[in-house]
Amino acid sequence: MEIWINPACSKCRSAVKLLDAEGADYTVRRYLEDVPSEDEIRGVLDRLGLEPWDITRTQEPAAKELGVKEWPRDASSRERWIKALAEHPKLIQRPIITADDGTAVVARTDEAVRDALSR
């Protein structure tokens, strides 16, 4: 199990605290420092069952600069979104936990963290 976090994020800190309380075996990835590649982002999206626009933080300054809110949300635009996430990792929603069963969750709530633990 791996969790992508930004240590400055309260949701990330809460998720890590819960993982620790549950005695989970996991690896922390500080994704702003260890930036995921486009292929890794594609893999996590597949595991999440989501599209890149579903995990994009559209209120971030970089998102506003890029104008992502105006970008099409369709198959022909998918790679553009993935490229933006790889080039601007602050746009990636957090925390993301990749579960042992090959799935993943955006773990912004205790329930989502527990869901990942149960997989």
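Student: At what angle do helix α2 and helix α4 pack, and how far apart are their axes?

Tutor: The model is a predicted one, and what follows should be read accordingly. Two packed helices are described by the angle between their axes and by the distance between those axes. Helix α2 covers residues 38-48 and helix α4 covers residues 78-87; their packing angle is about 115°, and their axes lie 9 Å apart. Angles of 65 to 115 degrees count as roughly perpendicular, and α2 and α4 are therefore roughly perpendicular to each other. The crossing in which α2 passes α4 is right-handed.

The residues that form this contact can be named on both sides. From α2 come E38, I41, R42, L45 and D46, and these meet R78, E79, I82, K83, L85 and A86 of α4.

Strands of a sheet pair through backbone hydrogen bonds, either parallel or antiparallel. Here four strands form an open sheet with mixed pairing, in the order β2-β1-β3-β4. Its edge strands are β2 and β4 (104-106), each of which pairs on one side only. From one strand to the next, the twist averages 20°.

Strand β1 (residues 2-5) can be followed to both of its partners. With strand β2 (residues 27-30), β1 pairs in the parallel sense over four bridges, and I5 stands opposite R30 of β2. With strand β3 (residues 96-98), β1 pairs in the antiparallel sense over three bridges; within β3, I96 is the bridge partner of W4.

One further helix belongs to this description of the sheet. Helix α5 (residues 110-117) lies across β3 and β4, and the direction of α5 is at about 175° to β4.

Notes:
Residues numbered from 1 in each chain as written. Predicted model: local features only at pLDDT ≥ 70, side-chain atom pairs only at ≥ 80, totals over all residues. Heavy atoms only, no water. Axes fitted to C-alpha atoms, helices over the stretch in contact; angles between N-to-C directions. Helix = DSSP H or I, 4+ residues; strand = E, 2+ residues; numbered from the N terminus. Parallel < 35°, antiparallel > 145°, perpendicular 65-115°, else oblique. Left-handed = near helix turned anticlockwise from the far one by under 90°. Contact = heavy atoms within 4.5 Å. Pairing = 2+ DSSP bridges.
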